[in-house]
Amino acid sequence: MGEIVLAAKICHVPSMYLSELPGKHNGCRQAAIDGHKLIAQRARDLGADTVIVFDVHWMVNSAYHINCGDRFKGVYTSNELPHFIKDMHYEYAGIPELGNLIAEEANAAGVRTMAHNIASLELEYGTLVPMRYMHMDASPDQQMKVISIAAWCAWHRLEDSFTFGAAVRRAIEKSDRKVLILASGSLSHRFSDDRNAEANLNNWTREFDKQVDQRVVELWKEGRFKEFCAMLPDYAEHCYGEGKMHDTAMLLGVLGGDEYTGKVEVVTELFGSSGTGQINAIFPLT
C-alpha cells in the first residue's frame, strides 16, 4: 500500500536560479534553496521514492492534466523571464503507472482528467525549479520519480481541485509508492509593474497583499483551515493568487479539505519576490 510521507507548499521563483549565478543577485534566494533541500531530505529520510508537483505555472484551459512521462530530459530557458532562467539542464525519471491511476480515481470522482505520456510534453518551471534543488544533494539511488500536474486551471472551480486532491490521495494509497506532495506556487501574486520590477525584487507590490499573506500564514500555523478554505476564493481573486491558487486547493484536498487541522511548519519564512508573496512550508500529515 502506498502512502504520502510529506506534503508542502513551496515557492518556485525563477530568482532562485538567478541566485546561483555570479553577479549582484548571487545568493539572494539561498534561504528558499535551503528550504527546498531540507524538504527533500526529510522526504528521503521517510523513504520517498516519488514526488508529485501541483505546478501552478502549467496553465490549462480545459480538463485536469497529468504529465506522467517515462523520462524528462532537456535544457530549459524561460520564455517569460529568460534573463532569470536560461540553459537550465534537467533529467528526471517519471512513473506513468501512478499518473494513470490518479486519472482513473479523479474521473471516477467526476473530475475530467487526462494522463499524458508524451515525450514532447515538457515540464514547466514550477516543477523544474524545485526539482533542481530537491535533487541537487541526492545520490543516484535517491532520485525520486517525478509527476507534474497542471495547477494553473484557468476555467475551473476550486471545489473540483479539492476533489481532485482527494483522488490523488486515494490513487497513492492504491499504489506501492512513497510520495512527496508539493503545491508549487506563490501566495499573493501581484507582479510589480515593469518600471518598479528591479526595485521590488525582494518585496511585495502592495502592502495589502503582504498583510493578507501574513494573516494567512498565521491561520496555517494555528491549523485554522476551515477559516482559510472559506476565504480562499476571495483571497485568490483579490490578492491575484497565482493560477487562482488551484495548487493550494489540490494540496488541501489531499489533506482533508476544510477538516484539515495540521499546524504548518514554516521552513522558509514568508518573503517578497518581484512583488509576490512566497514561502516554503510543511503541512503535517494528520
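## The largest pocket

By class, twelve polar, nine nonpolar and four charged residues make up the lining of the largest pocket. Here Ala, Val, Leu, Ile, Met, Phe, Trp, Tyr, Cys and Pro count as nonpolar, Asp, Glu, Lys and Arg as charged, and the others, Gly among them, as polar. The model is predicted: local features need pLDDT of at least 70, side-chain atom pairs count only at pLDDT 80 or more, and totals for chains, interfaces and linings use all residues. Residues are numbered from 1 along each chain as its sequence is written, and side-chain values use heavy atoms, with hydrogens and water left out.

The volume of this largest pocket is about 440 Å³. Its lining has 25 residues, and Leu-81, His-83, Phe-84, Leu-201 and Ser-274 are the closest to its centre. At least two lining residues come from each of α1 (15-20) and β10 (276-282). Helices (H or I, at least four residues) and strands (E, at least two) are DSSP runs, numbered from the N terminus.

A pocket is an open set of points on a 1 Å grid over the protein atoms alone, where a 1.4 Å probe fits, with protein on both sides within 12 Å along at least five of seven lines; lining residues have an atom within 4 Å of a point. Points are joined across faces, edges and corners, and a volume is the space filled by probe spheres set on them.

## The second largest pocket

This pocket has a volume of about 160 Å³. Its lining has four nonpolar, four polar and three charged residues. Among them are His-57, Glu-80, Trp-152, His-189, Tyr-240, Glu-242 and Lys-244.

## Ser-192

Ser-192 sits in the loop between β8 (178-184) and α6 (207-222). Its relative accessible area is 11%, so Ser-192 is buried (under 20%, with exposed over 50% and partly exposed in between, using a 1.4 Å probe and protein chains only).

The Ser-192 side chain makes a polar contact of 2.9 Å with that of Asn-200. Another, also of 2.9 Å, joins the side chains of Ser-192 and Thr-205. A polar contact is a pair of N or O atoms within 3.5 Å; within protein, one must be able to donate a hydrogen and the other to accept it, and residues adjacent in sequence count only if both atoms are side-chain atoms. Beyond four places in sequence, Ser-192 is in contact (heavy atoms within 4.5 Å) with Ala-197, Asn-200, Thr-205, Ser-274 and Gly-275.

## His-116

His-116 belongs to strand β6 (residues 113-116). It counts as buried because its relative accessibility is 17%. A polar contact of 2.8 Å links the side chains of His-116 and His-65.
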